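Open the model in your viewer and keep the sequence panel beside it. The tour goes from one selection to the next.

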Amino acid sequence: MQDAAQMPDGLQLYQHGRDDAHQRQISLIRDLRHAANGGGLHLHFQPKVDLEHGRVYQAEALLRWNHPIYGLVSPGEFIPLAERTGSIQLLTAWVIEAVLRQLHIWNGRGLYMEVSLNISAEDLSSLTLEQRVTELLQRYVIPGDQLVFEITESAMMRDPERALTMLHRLRALGIRLSVDDFGTGFSSLAQLRRMPVQELKIDQSFIRELDDTCGDAVIVRSTIDMSHALGLKVVAEGVEHGETRDLLRAWGCDTLQGYFFSRPLPADAFEAWLKQQPHLAARPLKEPS
Ligand code: C2E
Ligand code: MG
Ligand code: MG
Ligand code: MG
């Protein structure tokens, strides 16, 4: 290792870089609270393609933050910061309300959509979550079964007893529950079976480069089969290629999501996308039986 005295410029540069990163984190943490009160947040919607009905009547809402100085900051960066610094519940509250407001608009136009949104471990221990959702469902006149909450397996397993209680309460409101990023945590299907979930989302790391012969194929096929044996629907996320769609269809996967169909889009662009997909878009836009 070279010592600092031999490369003062390099060292300075490094420290400078680290200070910038540190400064950015501090600003982001500080500004998150303001953002949660309505500054610079918006939602994108990514279609989920139902293979059985050959239709799109589901979407995942993904949070976007346009920071006044840094511009678009990815949720991969700011969500973990919000989780660590106690702002996540404010963000989640904002997302739930924004989703319900959008569903209210779509329902009013006869566009039936079920929207999933992401819930963090910290939300599951919050006593106000259920109360807030109940109020908002009433205010926007949305049936609970138009909402799906996506929760990672690690979030569920952090405090399983507490999560179990909250999940049952959310189920009682009609909300469906989905296990996000399945395969990246350390829980088994046996552990998950205790949770009142209806859907598994196979993590995109197994899907993106999927082909018939790779080791992931075995994992994906058996996850689909076991999920069905347990009465769960299966979503594959990260579908980027037509070949991947064909394989997943042949293996009986229920729902697909990924760049192959569409990137996450602002609400109006999402609607425009739906209109351009007559073969995928919901027909008279009524709930499938
Ligand atoms: P996630 O819930 O697993 O969401 C899927 C992520 O994969 C999204 O990234 C989506 O844009 C991306 N994606 C979808 N299809 C493809 C594909 O075909 N290829 C590739 N490479 N990526 C694809 P995004 O929007 O950057 O979100 C990242 C993560 O941030 C989410 O992962 C979720 O864990 C978290 N997140 C996003 N919005 C929220 C939110 O409102 N609340 C919470 N708590 N977390 C959120
Ligand atoms: Mg998700
Ligand atoms: Mg995921
Ligand atoms: Mg995730």
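Which residues are the protein donors of the magnesium ion (ligand 2)? Select ligand 2 in this predicted model, then select Glu60, Asn118, Glu150 and Asp180. In the sequence panel, the donors follow the spacing E-x57-N-x31-E-x29-D. Glu60 belongs to strand 2 (residues 55–67) and Glu150 to strand 5 (residues 147–152), so this pair ties together parts that are 90 residues apart in sequence. Both Glu60 and Glu150 are buried.

The distance between ligand 2 and ligand 3 is 4.1 Å, and Asp180 coordinates both ions.

Next, keep Glu150 and select Lys48. Their side chains form a salt bridge, 3.8 Å from N to O. Lys48 sits in strand 1 (residues 41–50) and Glu150 in strand 5, so the pair ties together parts that are 102 residues apart in sequence. Are Lys48 and Glu150 buried or exposed? Both are buried.

Move on to Glu271 and Arg109. Their side chains meet in a salt bridge at 2.6 Å, N to O. Glu271 is in helix 12 (residues 267–275), while Arg109 is in the loop between helix 3 (88–108) and strand 4 (114–119), so the pair ties together parts that are 162 residues apart in sequence. Glu271 is buried, with a relative accessible area of 14%, whereas Arg109 counts as exposed at 52% relative accessibility.

The last pair to select is Glu130 and Arg169. They form a salt bridge in which the closest N and O atoms are 3.2 Å apart. Here two helices are involved: Glu130 lies in helix 5 (residues 128–139) and Arg169 in helix 7 (residues 160–172), so the pair ties together parts that are 39 residues apart in sequence. Glu130 is partly exposed at 22% relative accessible area, and Arg169 is partly exposed at 38%.

Finally, clear the selection and view the whole protein chain. How many helices and strands does it have? There are twelve helices and nine strands. Of its 289 residues, 48% count as buried. The search of the whole structure finds 15 salt bridges.

How values were computed: Residues are numbered from 1 along each chain as its sequence is written. Chains are lettered from A and ligands numbered from 1 in the order in which they are written. This is a predicted model: local features need pLDDT of at least 70, side-chain atom pairs count only at pLDDT 80 or more; totals for chains, interfaces and linings use all residues. Side-chain values use heavy atoms; hydrogens and water are left out. Donors are N, O and S atoms within 2.8 Å of the metal (3.2 Å for Na, K and Ca); water is not among the atoms, so sites may look incomplete. Helices (H or I, at least four residues) and strands (E, at least two) are DSSP runs, numbered from the N terminus. Buried means under 20% relative accessible area, exposed over 50%, partly exposed in between (1.4 Å probe, protein chains only). A salt bridge is a side-chain nitrogen of Lys or Arg within 4 Å of a carboxyl oxygen of Asp or Glu.
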